[in-house]
Amino acid sequence: MTATEGGANDGGAGAGSGAGGTGPGGDTVAAVVRQWRAVHPDLDTGPMEIIGRINRCAALLQQAEDAPLRRAGLSRAEFDLLGALRRTGHELTPGELARETFSSGAAVTKRLKQLTERGLVERRGDTRDRRVAHVRLTDAGRDLVDGILPEQLAYESAVLSGVDVPRQGELAVLLGGLLGQLEGRLDALRA
């Protein structure tokens, strides 16, 4: 097992700081890193400490799910679609929604079907190209997003409450820098 394989079923807590984590024995990733260092003391496990913790945090957040969204009967992915339509303020094509939400076209199509059946979005065909659809929020969809967003943000604040506000800002800047780099060059790294 590598540190980046820390799935939601592993024991342990969230991300600590440094290789030792916070508290006795550190976090789950710290334990994995110590094991790899014992097996391969000559290898730099520094990247594993960062990427492993990012992956572990993501797994734990996905496992916990988003309570306000769950109560509204929405998945995070469905809320992301509704949110993209709300924050852009205009109709989007399924392809544009896929780009906005970092989803595949097939996943967007499936989610749009479910949201349409619930009366939260509606589609209209393009007058010039029958292959193109335009999607917009219904009044019910807009009301749902506007009602859930403050509650969702409060939930996310509670999740982050163990990290003081200045450190949250630092973390946001650091993650933003990493994300910007990955978005700009990940395709080159895959080659």
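The model is predicted: local features need pLDDT of at least 70, side-chain atom pairs count only at pLDDT 80 or more, and totals for chains, interfaces and linings use all residues. Residues are numbered from 1 along each chain as its sequence is written, and side-chain values use heavy atoms, with hydrogens and water left out. The chain has eight helices and two strands. Helices (H or I, at least four residues) and strands (E, at least two) are DSSP runs, numbered from the N terminus.

**Overall fold**
- Along the sequence, the elements follow the pattern α-α-α-α-α-α-β-β-α-α.
- Of the 191 residues in the chain, 27% are buried; buried means under 20% relative accessible area, exposed over 50%, and partly exposed in between (1.4 Å probe, protein chains only).
- Among contacts (heavy atoms within 4.5 Å) with a separation of 6 or more, 54% join residues 24 or more positions apart.
- The chain exposes about 12100 Å², and carbon and sulfur atoms supply 57% of that area. Accessible areas come from the Shrake-Rupley method with a 1.4 Å probe; for residues, only the protein chains shown count as cover.

**Helix H1**
- Helix H1 covers residues 28–39, and its twelve residues reach 17 Å from the first C-alpha to the last, close to the 16 Å expected at 1.5 Å a residue. The expected span is 1.5 Å times one less than the number of residues.
- Thr28, Val29, Ala30, Val32 and Val33 are the buried residues of H1, and what covers them includes helix H2 (46–64).
- Asp27 caps the N-terminal end of H1, with a side-chain oxygen 3.0 Å from the backbone nitrogen of Val29.

**Salt bridges**
- The structure holds 14 salt bridges, each a side-chain nitrogen of Lys or Arg within 4 Å of a carboxyl oxygen of Asp or Glu.
- Arg37 and Glu49 form one of them, with their closest N and O atoms 2.7 Å apart. Arg37 lies in helix H1 and Glu49 in helix H2, so this pair ties together parts that are twelve residues apart in sequence.
- Arg37 is partly exposed at 35% relative accessibility, whereas Glu49 is buried at 12%.
- Glu49 also meets Arg53 in a salt bridge (3.9 Å, N to O). Arg53 and Glu49 are four residues apart in helix H2, which means that about one helical turn separates them.
- Arg53 counts as buried, at 9% relative accessibility.
- Asp27, Arg37, Glu49 and Arg53 are linked in a network of salt bridges.
- Glu122 and Arg136 form another salt bridge (2.2 Å, N to O). This pair links distant parts of the chain, 14 residues apart: Glu122 is in strand E1 (residues 121–125) and Arg136 in strand E2 (residues 133–137).
- Glu122 is partly exposed at 33%, and Arg136 is partly exposed at 35%.

**Nonpolar surface patch**
- Ile50, Ile51, Ile54, Leu171 and Leu175 form a nonpolar patch on the surface, with about 420 Å² of accessible area together.
- Patches are made of residues with over 30% relative accessible area and no salt bridge; like charges are joined within 9 Å, and nonpolar side chains (Val, Leu, Ile, Met, Phe, Trp, Tyr) within 5 Å.
- H2 and helix H8 (165–190) each supply at least two residues of the patch, and H2 gives the largest share, three residues.
- Ile54, in helix H2, is partly exposed at 36% relative accessible area.

Definitions and conventions. A polar contact is a pair of N or O atoms within 3.5 Å; within protein, one must be able to donate a hydrogen and the other to accept it, and residues adjacent in sequence count only if both atoms are side-chain atoms.
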